[in-house]
Amino acid sequence: TGTLKIRDTVRSYYIVTPLASDVDTLNNTQTRVDTIRAGCDPNEMFVSPTGNILSCAPLQYTINFENTGNDTAHNIYVIDTLSDDVDPHSLRVVMSSATMNIGMLKYGTHNIVRFDFPNINLLDSSHHGACDGTVIFNINAKSGLDDGTKISNHAGIFFDVNDVVMTDTVENIIGMEPIAGAA
């Protein structure tokens with residue numbers, strides 16, 4: 001063991017001891033891999049779970065944005081071109097930090113979702129805690145994906161008439177990691 005650094009991962013394994021009335025003990029374990037995060041770009045994306053997943057797995061994306069300008073951001077929208085390996089019909093908004101409209105459109109074979117925050121009036125960065133916004137949504141990976149399929153995602157954030165600010169890219173890979181020591 002040593003000191004953890006930004007972008008290191010931590011694997012946690014949870015097990016629930018079944019009660020006598022538990023009829024499905026197959027759902028009593030969970031492995032979670034989290035990435036160490038620290039202060040950096042305030043416009044970012046996270047996915048949970050991270051790392052390897054099973055085909056058809058539910059994914060939760062969190063998009064955080066911050067007005068680092070020196071004036072109020074009146075209208076903000078977030079554009080996310082969804083991976084072709086997720087089911088756009090399964091998209092469900094979990095929460096947003098302000099009133100939001102959502103739209104879905106097709107561009108060729110790609111599905112694009114737009115999270116629109118009209119009249120958000122997000123204060124500038126001198127107002128700590130009042131200059132941040134978030135949207136969280138769930139979406140399922142498609143079923144039947146081959147092991148090794150990569151599901152990548154990132155989003156563009158538009159503050160008023162300014163150029164796009166891109167989030168980092170997050171990635172999942174279809175297929176379970178081999179158990180250490182297994183042959």
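Before I turn to individual partners, let me say what pairing means here: two strands count as paired if DSSP finds at least two bridges between them. Please also keep in mind that what we are looking at is a predicted model.

I will begin with the open sheet of four strands, whose order is β3-β5-β10-β7 and whose pairing is antiparallel. At its edges stand β3, covering 44-48, and β7, covering 86-96, and because each of these has a single partner strand, one side of each is left without a neighbour in the sheet. Going from one strand to the next, the twist averages 25°.

If we look at one of these pairings in detail, β7 is joined to β10, residues 132-141, by six bridges, and the two strands run antiparallel. Which residue of β10 is the bridge partner of Val86? That partner is Ala141.

Let me move to the other sheet, which is also open, and in which three strands follow the order β4-β14-β11 with mixed pairing. The edge strands here are β4, at 51-53, and β11, at 150-153, each of which pairs on one side only. Neighbouring strands of this sheet are turned against each other by 30° on average, if direction is ignored.

Within this sheet, β11 pairs with β14, which spans residues 170-174, in the antiparallel sense and over four bridges.

Methods: Residues are numbered from 1 along each chain as its sequence is written. This is a predicted model: local features need pLDDT of at least 70, side-chain atom pairs count only at pLDDT 80 or more; totals for chains, interfaces and linings use all residues. Side-chain values use heavy atoms; hydrogens and water are left out. Axes are lines fitted to C-alpha atoms, for helices over the stretch in contact, and angles run from 0 to 180 degrees between N-to-C directions.
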